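Please look over the sequence and the fold below before reading on.

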Amino acid sequence: MKYVIEGGALPVVRIFLEPGEVMISESGGRTWAKGDILTETSYEGGAKKALGRMFSGESLFMSKYTAQSAAEIAFASSFPGKILAVELGEGRSIVAQRKAFMCATYGVTLSTFFQKKIGAGFAGGEGFIMQKITGPGIAFLEIDGYCVEYDLQPGERMVLDTGVLAAMDETINMDIEMVKGFKNMFLGGEGLFDTIVTGPGKVYLQTMTIENLAKLIIPFIPSKN
């Protein structure tokens with residue numbers, strides 16, 4: 001399978017399939033297709049996994065696209081940002097924010113990941129329920145804004161604004177800390193909590209979130225008097 005990611009800040013991944021190659025996405029995820037592709041919609045992985053996907057922000061159903069001949073299929077981002085291709089070996093998992101999953105090669109599985117620490121889930125900005133994406137295969141993720149990657153060594157920490165963490169290796173530990181100091185909490189403009197990620201593993205950070213963009217736009221939306 002070959003693919004190309006293009007489009008700049010409004011990206012699309014175009015995937016070129018050989019006969020018999022298969023892609024999966026959430027129901028209705030495909031943007032366009034060229035060639036003979038069989039589309040099937042089902043509870044991929046069974047009802048239990050389907051319910052897990054629903055709780056993690058994805059569709060209850062999955063679409064399966066099988067190339068009957070040489071074909072092309074495309075998946076476009078729904079928000080200005082970047083499409084990230086992650087190669088997952090057998091059994092390797094990453095944990096991603098809700099609705100990050102765009103599509104993947106057949107064999108990649110989606111399940112629900114619950115934050116082990118309730119405080120991190122409710123105050124960390126990434127949510128109590130996240131997506132767990134497991135190989136083998138290639139998964140394509142939708143990242144808000146620009147994406148910066150860091151490889152953290154064992155015990156190495158990073159302090160993040162809430163919502164900045166887009167995805168991480170399953171080996172990363174995520175927690176939250178309350179901002180220290182009264183002035184910092186209420187006058188610093190950074191919020192009440194920081195997200196703390198600790199290695200070992202890779203983290204994928206995003207520079208703009210939908211929530212932050214909405215905050216910037218709302219003041220300019222006319223209101224009815």
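A nonpolar core is a set of buried Ala, Val, Leu, Ile, Met, Phe, Trp, Tyr and Cys residues joined through side-chain atoms within 4.5 Å, where buried means under 20% relative accessible area, with a 1.4 Å probe and protein chains only. The model is predicted, so local features need pLDDT of at least 70 and side-chain atom pairs count only at pLDDT 80 or more, while totals for chains, interfaces and linings use all residues. Residues are numbered from 1 along each chain as its sequence is written, and side-chain values use heavy atoms, leaving out hydrogens and water.

The largest nonpolar core holds 20 residues, of which Leu84, Val86, Phe101, Ile133 and Leu141 touch the most other members. At least two residues of this core come from each of β8, β9 (93–96), β10, β13 (137–144) and β16 (165–169), strands being DSSP runs of E with at least two residues, numbered from the N terminus. Apart from this core lies another, of 15 residues, including Ile15, Ile37, Ile73 and Phe140.

Turning to the sheet, six strands form an open, antiparallel arrangement in the order β5-β6-β3-β10-β13-β8, where two strands pair if DSSP finds at least two bridges between them. The edge strands, β5 (37–42) and β8 (81–88), each pair on one side only. Within the sheet, β3 (residues 22–26) and β10 (residues 101–105) run antiparallel and are joined by three bridges, and Ser25 has Cys103 in β10 as its bridge partner.

Cys103 counts as buried because its relative accessibility is 0%, and Cys147 is buried too, with a relative accessible area of 5%. A search of the whole structure finds zero disulfides, a disulfide being a pair of cysteine sulfur atoms within 2.5 Å.

Conventions. Helices (H or I, at least four residues) and strands (E, at least two) are DSSP runs, numbered from the N terminus. Buried means under 20% relative accessible area, exposed over 50%, partly exposed in between (1.4 Å probe, protein chains only).
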